[in-house]
Amino acid sequence: MRGNIQRQVGVLILGLVVALMSYSVVRAPTEARAEQKPSEYQVTIQDFSFEPGAVRVPVGATVTWTNKDEEPHTVFSNDDVFKSKALDTDEKFSFKFTKAGTYKYFCSVHPKMVATIEVGSPDKKSAAMKMEDKKRGSD
Ligand SMILES: [Cu+2]
C-alpha cells in the first residue's frame, strides 16, 4: 500500500518537473522581453480617485499606492486579498500580485472610489501598453 502511494507521488513529481521544464523553455523568449520592464507599478490616489483606475500588470508585479490627497484613503480589495491601513498624505501601501486575475478594490473611507488591478501574463500587458502608446500618439 505505502509503496504504491510513494510510486504515485514519484510519478506526479516527475510529471511536474517535466511540465515545468517544458514551460520554461517555451516561456524563455517572452520572459527575456518582460525583464526590461520594471515589475513595480504605481497607483496615485488623488482627488478622491485611483489613478490610473485600471492597471494591467504581469503575475509577480508589485503595485504601490501613494496617497496624494490631504484626506486619508485606504486600499481595500473587494475579495479581502489586500487591505491597507488609512493612508495619510504621501503614505504608501504595496502589494505583490502572485496570482492572475481581476482584483477590484475600493477606498473604505469613500466607497465610491473604486478601481481595478488586472493581473495577467506579460504578453497581455505589453499589448495593453501598445494600445496606450497609440492613444498617446494621436494626441
Ligand atoms: Cu478615500
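Student: Among contacts between residues at least 6 apart in sequence, what share joins residues at least 24 apart?

Tutor: The share is 50%. Two residues count as in contact if their C-beta atoms, placed from the backbone, lie within 7 Å. This is a predicted model: local features need pLDDT of at least 70, side-chain atom pairs count only at pLDDT 80 or more, and totals for chains, interfaces and linings use all residues. Residues are numbered from 1 along each chain as its sequence is written.

Student: Which elements does the chain contain, and in what order?

Tutor: Two helices and eight strands. From the N terminus they run α-β-β-β-β-β-β-β-β-α. Both kinds are DSSP runs, numbered from the N terminus: helices are H or I with at least four residues, strands are E with at least two.

Student: What makes E7 and E8 a pair?

Tutor: Pairing requires at least two bridges found by DSSP between two strands. E7 (residues 101–106) and E8 (residues 114–120) have six, in the antiparallel sense. Therefore they pair. Lys104 has Thr116 in E8 as its bridge partner, and Phe106 stands opposite Val114 in E8.

Student: How do you know that E5 pairs with E7?

Tutor: Two bridges join these antiparallel strands. The cut-off is at least two, so they qualify.

Student: Why are E3 and E5 called edge strands?

Tutor: The open sheet has four strands in the order E3-E8-E7-E5, with mixed pairing. E3 (54–58) and E5 (76–77) each pair on one side only.

Student: What makes a set of residues a nonpolar core?

Tutor: Its members are buried Ala, Val, Leu, Ile, Met, Phe, Trp, Tyr and Cys residues, joined through C-beta atoms within 7 Å. Buried means that 20 or more other C-beta atoms lie within 10 Å of a residue's own, with C-beta atoms placed from the backbone. In soluble globular proteins, nonpolar side chains tend to be buried together.

Student: Which members of the largest core touch the most others?

Tutor: Val57, Val63, Phe97 and Ile117, out of 17 residues. Strands E1 (40–46), E3, E4 (62–67), E7 and E8 each supply at least two residues. E8 gives the largest share, three.

Student: What does Val63 contact beyond its neighbours within four places in sequence?

Tutor: Its contacts are Tyr41, Val43, Val55, Val57, Ser94, Phe95, Phe97 and Ile117.

Student: How much of the chain is buried?

Tutor: 19% of its 139 residues.

How values were computed:
Buried ≥ 20, exposed ≤ 12 C-beta atoms within 10 Å, placed from the backbone.
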